[in-house]
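Please open the model in your viewer and keep the sequence panel beside it. The stops below follow one another as a series of selections.

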Amino acid sequence: MTAPLPAQAAPPAARPWYVSALLAVVAVTLLLLGAWGVARLKSPHPFYGMAYPAATAATGFQGEVAGGQRYTFTPGQGRVTALFFGFTHCPNICPLTLSYLSKVRAALPPEDQKRFDIVLVSVDPARDTPQDLNDYVRYFGAGRGVRVPEPALGQLARAYGVAYQRAEVKGAAYQINHTTATYLIDAQGHLRVLWDYTQLPQLDRVRADVQHVLETR
């Protein structure tokens with residue numbers, strides 16, 4: 001006589017699709033809330049640009065400006081500075097960046113304009129003369145172009161996380177591939193915000209970041 005086979009356990013019921021969808025929404029929401037919380041811990045102010053952790057010191061530097069004058073940038077001298085790394089032969093990003101920053105500066109109250117500097121450091125010191133840099137920056141408005149020779153330029157770029165590299169162009173003058181960020185440094189010499197080039201067209205939001213940094217100590 002053959003013993004009866006044990007009854008097989010029924011397979012677990014499949015999770016309804018709407019439950020899976022709801023769990024996915026909850027997971028994404030928690031992830032976004034976590035990212036928002038980390039951003040707020042870095043800075044209670046809802047900056048448009050990427051906020052730096054509190055008291056992140058900016059790096060000072062020296063270079064040459066028009067007229068053969070020595071230029072020294074010493075963070076923490078009571079002025080707010082938008083610092084950008086570019087070059088005068090740049091076909092698009094550098095002129096647009098300077099144009100946007102100049103428009104932001106023009107949108108500030110007159111007293112705040114006096115405390116807000118725009119500084120371009122050349123990543124092409126082999127071609128950019130101090131006079132070229134001065135003419136280039138002044139074409140867009142008030143600002144300063146600084147030539148920092150190598151190897152000091154390389155050290156300065158590393159301090160700000162800036163990359164740059166010469167790129168040969170067939171049948172034309174070489175170009176420089178470079179980081180397109182702009183760094184906002186407060187009056188106490190701290191890095192406060194970084195804007196990517198793609199963020200700068202939002203002038204009102206960039207101006208709000210600058211205004212907040214100008215008003216806080």
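In this predicted model, begin with the open sheet, in which six strands follow the order 1-10-9-4-5-6 with mixed pairing. Selecting strand 1 (50–51) and strand 6 (144–146) brings up the edges, where each strand has a single partner, so one side of each is left without a neighbour in the sheet.

Then show the side chains of Cys90 and Cys94. Are these two cysteines buried or exposed? Cys90 is buried, with a relative accessible area of 10%, and Cys94 is buried as well, at 0%. The sulfur of Cys90 has its closest cysteine sulfur in Cys94, at 3.2 Å, which is too far for a bond, because a disulfide requires the two sulfur atoms to be within 2.5 Å. By this rule the count of disulfides in the model comes to zero.

Finish at helix 5 (residues 152–160), selecting Leu153, Gly154, Leu156, Ala157 and Tyr160, which are its buried residues. When the view is turned to look down the axis of helix 5, these buried residues fall within an arc of 165°, so they line one face of the helix. Just after helix 5 comes Gly161, whose phi is positive, at about 75°.

Note on methods:
Residues numbered from 1 in each chain as written. Predicted model: local features only at pLDDT ≥ 70, side-chain atom pairs only at ≥ 80, totals over all residues. Heavy atoms only, no water. Buried < 20%, exposed > 50% of the residue type's maximum accessible area, 1.4 Å probe, protein only. Helix = DSSP H or I, 4+ residues; strand = E, 2+ residues; numbered from the N terminus. Arc of directions from axis to C-beta. Pairing = 2+ DSSP bridges.
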